[in-house]
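Student: Can you walk me through this one? I have the sequence and the model open.

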Amino acid sequence: MTIQSPAPNAGTVRGHERIAEQIAHLLDDAIHIPATGLRFGIDPLIGMVPLIGDFLATLFGVSIVFVAHRLGVPWSVLLKMVKNLAINGVLGAIPILGDVASFW
């Protein structure tokens, strides 16, 4: 009987997955509004900073796509993720409307 050790990159991949989950949580639902059940993340808040905020939010999103690729997520899902990032980036560039869309 032989004991197989995990793949050499298994710990690294799990670490990247954990970081991606933490980034997604922070961007999407880290802030709770008491007694309402409403949650949102810092994405709409940093998006209020002209240009830099939307760029940072998109950069965080791209990092999640790269992690998803490393984890073997199917191309069809990766393309949907990239499409959603592009839509978020374009809408985010529109003052006020972009901020409303991010909260929604």
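Student: What share of the contacts between residues at least 6 apart in sequence join residues at least 24 apart?
Tutor: 38% of them do. Contact means heavy atoms within 4.5 Å. Keep in mind that this is a predicted model, where local features need pLDDT of at least 70, side-chain atom pairs count only at pLDDT 80 or more, and totals for chains, interfaces and linings use all residues. Residues are numbered from 1 along each chain as its sequence is written, and side-chain values use heavy atoms, with hydrogens and water left out.

Student: How much of the chain is buried?
Tutor: Buried residues are 24% of the 104 in the chain. Buried means under 20% relative accessible area, exposed over 50%, and partly exposed in between (1.4 Å probe, protein chains only).

Student: Which residues form the largest nonpolar core?
Tutor: A20, I23, L27, I64 and V67. A nonpolar core is a set of buried Ala, Val, Leu, Ile, Met, Phe, Trp, Tyr and Cys residues joined through side-chain atoms within 4.5 Å. Helices α1 (10-28) and α3 (52-70) each supply at least two of its residues. The largest share, three residues, is from α1.

Student: What does V67 touch?
Tutor: H16, E17 and A20, leaving out residues up to four places away in sequence.

Student: Now α3. Which of its residues are buried?
Tutor: G53, D54, A57, G61, I64, V65, V67 and A68. They sit on the same side of α3, because they cover an arc of only 165° around the axis. The arc is that of the directions from the helix axis to the C-beta atoms.

Student: And which exposed residues are on the face turned away?
Tutor: I52, F55 and F66.

Student: What comes after α3?
Tutor: G72 follows, with a positive phi near 85°.

Student: Switching to α4. What span should it have?
Tutor: Its 18 residues (75-92) should span 26 Å at 1.5 Å a residue, and the end C-alpha atoms are 25 Å apart, which agrees. The expected span is 1.5 Å times one less than the number of residues.

Student: Which residues of α4 are buried?
Tutor: L78, L85 and G92. Their arc is only 60° around the axis, so they lie on the same side of α4. The face turned away carries exposed L79, K80 and V90.

Notes
Helices (H or I, at least four residues) and strands (E, at least two) are DSSP runs, numbered from the N terminus.
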